[in-house]
Amino acid sequence: KPPAPYPPGPKPVPLLGNVRDLTAKELWLVAARWAKEYGRITYLHVFGQGLVFLNTPEATFELLEKRGALYSDKPKLVMAGELCGCENMVAFTPYGDTSRRQRKLMQTALGPSSIKTYHPLLELESRPFLRRLLAAPGEYQEHIRRYAGGLTLLVVYGHQVKSNDDAFLKLAEECVSLLSNRIASGGGIWPVDIFPSLKHIPTWFPGAGFKRNAMVWKKKMEEFVDKPFEFVLEEMKRGTARASFVSMLMDSDPKSKDTAADAQHDFDVRWTANSMYSASIDTTITVISHFILAMVQHPDVLERAQAELDAVVGPNRLPTCDDREALPYCNAIFTECLRWGVPVPLNLPHRLMEDDIYEGMYIPKGSLVFGNIWAILRDEKLYPDPDAFRPERFLDAAVDEIAERRRDPRTYVFGFGRRRCPGANLVESSAWLLMVSMLATLDIGRAVDEKGNEVDPEVVFDNSVFRTPNRFKCSVRPRSEQALKVVMQEDSA
Ligand code: HEM
């Protein structure tokens with residue numbers, strides 16, 4: 001008998017639980033309806049597995065942050081983790097020594113002071129991105145993918161991508177696609193995760209296709225983890241390695257390579273580096289796609305931002321990270337893109353490590369706990385007219401620091417507590433810079449059909465974890481002759 005009532009939620013059926021209440025796509029829309037009906041917390045179960053949705057800032061702070069020691073574990077996914085070999089990726093590691101070591105390494109590389117050292121690299125990548133976008137605007141998602149991938153390879157491994165045929169870029173793209181579209185599609189839950197004994201069936205057995213696939217995918221994922229890492233070690237031996245996350249951390253103790261501690265360090269750096277790559281691609285594509293969509297739908301916002309950039313930056317150069325303070329309206333657009341876009345609407349699940357009681361309600365050990373970021377960022381009390389894209393809402397200062405933290409979408413969009421996204425500072429510079437570089441030089445608007453009529457973008461979301469709009473039609477042109485000149489300048493390419 002539970003020690004207190006479970007939190008409220010839709011009524012389960014015997015044995016199956018709430019399996020019929022869940023949807024494979026846009027589950028956040030359903031979860032937002034539950035939030036309206038049941039309040040700050042919703043509880044469901046599927047075959048006895050508890051699922052908890054935290055629907056208010058207070059509930060997420062209390063459980064995922066204040067009680068972080070209990071709420072920072074990750075579900076053990078047999079298919080993605082054990083069979084496909086992803087168990088050491090940061091987002092999958094159980095809470096404990098390994099995850100603490102991994103996060104410490106990332107804090108060193110991605111903390112606010114380190115990010116400043118990457119600014120020149122970011123600035124170097126903006127111009128080639130703009131050129132590729134102008135050459136083929138319809139393929140904007142591929143250009144963002146290439147930008148985010150190239151940037152991460154540079155920052156993490158010191159490897160500069162020179163063409164789309166780059167071997168590391170291709171390997172990384174293949175593996176990130178494998179991870180998001182096959183291994184972790186549908187939230188990464190496979191029948192073998194619900195019935196772990198299925199992992200023992202022989203590979204030749206009918207229905208064991210998942211095991212045969214897993215063997216192939218695991219090999220590919222291992223290649224993805226090892227190859228770029230070995231490349232940096234080789235470059236370091238030759239004395240030609242560029243400064244990067246891996247070279248910096250592998251250089252710190254080059255002597256005693258055979259000790260257990262060094263082997264551990266090597267392992268941690270190898271997997272952490274790879275996790276940073278995997279985690280940065282879909283998220284960046286999502287945020288920048290929302291920005292483009294917002295500009296297509298709101299020409300008045302684009303115009304106002306361009307006027308601000310003209311006054312501060314002028315027509316003869318691209319904006320840099322140093323311009324940020326002087327661009328309040330552009331900054332408000334960026335903040336509103338994070339809020340309106342909600343890139344990861346239900347966060348990534350945390351696993352509760354012990355039974356817990358929250359405001360008189362019982363949450364059983366092992367429950368998967370979702371921060372309902374979507375419901376929070378669409379809450380009309382926090383953000384009046386929440387579906388509208390309105391950067392102005394962030395122009396006035398909030399009444400005090402607590403209110404500021406509560407309304408800043410960054411408090412939610414990067415997740416919570418001890419698993420909060422370690423890439424948040426990098427995104428703050430890289431995605432911001434890409435956005436203002438586009439605003440400064442491009443006119444982004446509705447596409448025109450064969451008859452010369454403007455067409456509205458068709459907005460479809462069909463991913464289960466990220467809220468990435470499917471590719472939509474838009475038009476991207478240089479703002480002026482001078483803007484084109486700035487984009488085509490050779491020196492920084
Ligand atoms: C706009 C872009 C991004 C968004 C919205 C985003 C959002 C998130 C969210 C919601 C989580 C889950 C946090 C939780 O479980 O509470 C996460 C985890 C993570 N993110 Fe990001 N992220 C972005 C970009 C990046 C980048 C650029 C990197 C690396 C350079 C990165 C690295 C990671 C890693 C390694 C984790 C796993 C952390 C852990 O489980 O301990 N992310 N991110």
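In this predicted model, the ligand is surrounded by 27 residues. Ser280, Thr283, Gly415, Cys421 and Gly423 are the closest of them.

**Around the ligand**
- Helix α11 (260–297) supplies at least two residues of this shell, as do α4 (97–110) and α17 (424–441).
- Seven residues come from α11, the largest share of the shell.
- Sorted by class, the shell holds 16 nonpolar residues, eight polar ones and three charged ones.

**Helix α9**
- Next, have a look at α9, which covers residues 209–238 and has 30 residues.
- From its first C-alpha to its last, α9 reaches 44 Å, close to the 44 Å expected at 1.5 Å a residue.
- The buried residues of α9 are Ala214, Trp217, Met221, Phe224, Val225, Pro228, Phe229 and Val232.
- An α-helix has 3.6 residues a turn, so residues three or four places apart point the same way.
- The partners that the buried residues of α9 pack against are α3 (78–83), α6 (140–157), α7 (167–183), α10 (245–251) and α11.

- An open sheet is formed by four strands in the order β1-β2-β6-β3, with mixed pairing.
- At its edges are β1 (41–46) and β3 (350–351), each of which pairs on one side only.
- Strands β2 (residues 49–54) and β6 (residues 368–371) run parallel and are joined by four bridges.
- Leucine 51 has leucine 368 of β6 opposite it.

Notes:
Residues are numbered from 1 along each chain as its sequence is written. This is a predicted model: local features need pLDDT of at least 70, side-chain atom pairs count only at pLDDT 80 or more; totals for chains, interfaces and linings use all residues. Two strands pair if DSSP finds at least two bridges between them. A residue is near a molecule or strand if its C-beta atom, placed from the backbone, lies within 6 Å of it. Ala, Val, Leu, Ile, Met, Phe, Trp, Tyr, Cys and Pro count as nonpolar, Asp, Glu, Lys and Arg as charged, and the others, Gly among them, as polar. The expected span of a helix is 1.5 Å times one less than its number of residues. A residue is buried if 20 or more other C-beta atoms lie within 10 Å of its own, exposed if 12 or fewer, and partly exposed in between; C-beta atoms are placed from the backbone. Two residues are in contact if their C-beta atoms, placed from the backbone, lie within 7 Å.
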